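Trainee: Please take me closely through one part of this model, the helix packing. I would like the angles, the contacts and the loops in one connected account.

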Amino acid sequence: EVCFNIYIIVIVIAILSLIYRTNDSGNVFYKFPEEINPITHSSWTLFPIRKVLDVHQTDGIAAEDVIIVRLSLLWTLLLFKERPSVFYMFTGINEFYIRLAEIFLLGPQVFQDDCICACINRLLREFLIPYASNGLLAFGLTDSIAGLDAFIPFYEELLQRFEEFSMGNDLFTLIILIGAYLNSNILSGLLMKSALWSYDRNVVRQMTLKKTRNFLEYMEADISRSRIEVEDKYYAQYATLLGLYARAIRDSVITRERNELVFYIASVELGLFERKQGKEFQALISMIRKSVNDKLSL
């Protein structure tokens, strides 16, 4: 567990976010740089991560970059635990998700660091997942969030980087699943799930995370809450997703033993749909049964 004391907030602020100036009288004062405004920039405690990402795209990752990410996360976790009123005042959940997800674009040298892993794990399980489950996480595919022109290219880059160098990292897996499965924008969530389970990607095959109750409780509640709207308004997109689930199980892209969490997700959604009544659903139900009959008992 990450341990720290309240006094380090002053040190971290000085290192990461404040610059000092001297006025005409020779007095030193500190101020935020122009690119950081705590009033208008949500989740600004994690803003240094974006600066590291910008540098990474041209110069690669240096040891001091890892330190910057550590300190940003420690500072954020410190506020969350010790000064929650300040944390919630300056934290928007959509921007917070983006900032955390950006860490995984920096590569395994960063996201496999022990301190960084410990901080992300706590922030995910104690803040992001519970709050997202209340319908507060909402991404439209073309939404401009946290300085991004649109959300979907960012999410697709996450999927690409996961394929390239995640090695099935558990926290990277959770970040991707949270974006799709706890997204309260139902249509966008369906399309993101389909991108995640696409035949053309090798993402779910690499997701070896075991079933995690913290995430599954909220995911299952979200499925139950949105199920009627999904089937009534977005049946075509939902049917596509169910077909992707069935094919992944049929072709052993995922297996119960290797891919415990994502196999469970697929089996739960297929099982719920299989119990539907009505002639309009029978053709798809029959197809699903034939596809997974020898791999899954519905």
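Mentor: Helix α9 (residues 170–181) and helix α10 (residues 186–196) cross at roughly 145 degrees, and their axes come within 7 Å. Axes here are lines fitted to C-alpha atoms, for helices over the stretch in contact, and angles run from 0 to 180 degrees between N-to-C directions. Helices (H or I, at least four residues) and strands (E, at least two) are DSSP runs, numbered from the N terminus. From α9, the contact takes I176, L177, G179, A180 and Y181; from α10, G189, M192, K193 and L196. Contact means heavy atoms within 4.5 Å. By class, the residues where α9 meets α10 are six nonpolar, two polar and one charged. Ala, Val, Leu, Ile, Met, Phe, Trp, Tyr, Cys and Pro count as nonpolar, Asp, Glu, Lys and Arg as charged, and the others, Gly among them, as polar.

This is a predicted model: local features need pLDDT of at least 70, side-chain atom pairs count only at pLDDT 80 or more, and totals for chains, interfaces and linings use all residues. Residues are numbered from 1 along each chain as its sequence is written, and side-chain values use heavy atoms, with hydrogens and water left out.

Helix α10 also packs on helix α8 (residues 151–165), at an angle of about 25 degrees and with the axes 11 Å apart. That angle makes α8 roughly parallel to α10. Angles under 35 degrees count as roughly parallel, over 145 as roughly antiparallel, 65 to 115 as roughly perpendicular and the rest as oblique. The α8 and α10 crossing is right-handed. A crossing is left-handed if the near helix is turned anticlockwise from the far one by less than a right angle, and right-handed if clockwise. F151, I152, Y155 and L159 of α8 meet M192, A195 and L196 of α10. This contact of α8 with α10 has seven nonpolar residues, no polar and no charged.

M167 is exposed, with a relative accessible area of 64%. Buried means under 20% relative accessible area, exposed over 50%, partly exposed in between (1.4 Å probe, protein chains only).

N121 sits in helix α7 (residues 114–136). The C-alpha atoms of N121 and L171 are separated by 7.0 Å, though the two are 50 residues apart along the chain. N121 counts as partly exposed, at 28% relative accessibility.

The unreviewed UniProt entry lists residues 6–23, 131–152 and 172–192 as "transmembrane region". UniProt positions are given in the numbering used here, feature names are shortened, and annotations may be inferred rather than shown by experiment. In the model, residues 172–192 are 81% helix and 0% strand, with end C-alpha atoms 16 Å apart. Residues 131–152 are 36% helix and 0% strand, with end C-alpha atoms 21 Å apart.

Helix α12 (residues 235–250) and helix α13 (residues 260–274) pack at about 125 degrees, their axes 10 Å apart. That makes α12 oblique to α13. Their crossing is left-handed. The α12 with α13 contact has twelve nonpolar, no polar and one charged residues. S252 lies in the loop between α12 and α13.
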